[in-house]
Amino acid sequence: MKHIETKPELKEFLANASGLLVIGATWCGPCRLMEPALEKYSEGRNVAKINIDKCDSELAEEIKEKYRVMGVPKSMYFENGELVKDAVGKLSVQDMEEMFG
């Protein structure tokens, strides 16, 4: 799983292929609880994570605005750089497999 901290890293992730992007925060309990499931789901898949309290402030603001992040964790699945599915809240491996493949 890739950890994204800058706008160029996000741009590269979105340009390369389809994949799951999870927005979280280190202070977020559900984000921490979701971490083991996210690690397992990410095996062999294109998955990245952004901690909004650890990335650069410009990226955090863009993410919140562009993807309407009102709560974390927010999981967003992209195909060819376009957002196709999203969910807010803690997800299990099974939830992610059913929602995002």
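Student: Why is Asn 80 called exposed?

Tutor: This is a predicted model, and in it Asn 80 has a relative accessibility of 71%. Exposed means over 50%, so Asn 80 counts as exposed.

Student: What makes the backbone of Asn 80 worth a look?

Tutor: Its phi is positive, about 50 degrees, although Asn 80 is not a glycine. Most residues other than glycine have a negative phi. As for its place, Asn 80 sits in the loop between β4 and β5 (82-88).

Student: Which other residue has a positive phi although it is not a glycine?

Tutor: Arg 68 has one, also about 50 degrees. You'll find Arg 68 in the loop between α3 and β4.

Student: Why is Arg 68 called exposed?

Tutor: Its relative accessible area is 67%. The cut-off is over 50%, so Arg 68 is exposed.

Student: How do you know that the bond between Val 72 and Pro 73 is cis?

Tutor: Look at omega: for the peptide bond joining Val 72 and Pro 73 it is about 0 degrees. Most peptide bonds are trans. Pro 73 belongs to the loop between α3 (57-66) and β4 (74-79).

Student: Why is Glu 79 called partly exposed?

Tutor: Glu 79 has a relative accessible area of 40%. Buried is under 20% and exposed is over 50%, so with 40% Glu 79 is partly exposed. Glu 79 lies in strand β4.

Student: What does Glu 79 touch, not counting residues up to four places away in sequence?

Tutor: Ser 18 and Val 84. Leu 20 is 59 residues from Glu 79 in sequence, with 9.1 Å between their C-alpha atoms.

Student: How do you know that the buried residues of α4 line one face of the helix?

Tutor: Start with who they are: Val 93, Met 96 and Phe 100 are buried in α4 (residues 93-100). Seen down the axis of α4, the buried residues fall within an arc of 65 degrees, so they line one face. On the other side, Gln 94 and Glu 98 are exposed.

Student: And what do the buried residues of α4 pack against?

Tutor: They pack against β2 (19-24), α2 (29-42), β4 and β5. After α4 comes Gly 101, with a positive phi near 90 degrees.

Student: What makes up the largest nonpolar core?

Tutor: It has 21 residues, and those with the most contacts inside it are Ile 4, Leu 10, Leu 21, Ile 23, Ile 50, Ile 63 and Val 72. At least two residues of this core come from each of α1 (7-16), β2, β3 (47-51), α3 and β4. There's also a second, separate core of 13 residues, which includes Leu 38, Tyr 41, Tyr 77 and Ala 87.

Student: Which residues is Ile 23 in contact with, leaving aside neighbours within four places in sequence?

Tutor: Ile 23 is in contact with Ile 50, Ile 52, Ile 63, Val 69, Val 72, Pro 73, Lys 74 and Met 76.

Student: Why are Cys 28 and Cys 31 called buried?

Tutor: Cys 28 has a relative accessible area of 3%, and Cys 31 has 6%. Buried means under 20%, so Cys 28 is buried, and so is Cys 31.

Key:
Residues numbered from 1 in each chain as written. Predicted model: local features only at pLDDT ≥ 70, side-chain atom pairs only at ≥ 80, totals over all residues. Heavy atoms only, no water. Helix = DSSP H or I, 4+ residues; strand = E, 2+ residues; numbered from the N terminus. Buried < 20%, exposed > 50% of the residue type's maximum accessible area, 1.4 Å probe, protein only. Arc of directions from axis to C-beta. Contact = heavy atoms within 4.5 Å. Core = buried A, V, L, I, M, F, W, Y, C linked by side-chain atoms within 4.5 Å.
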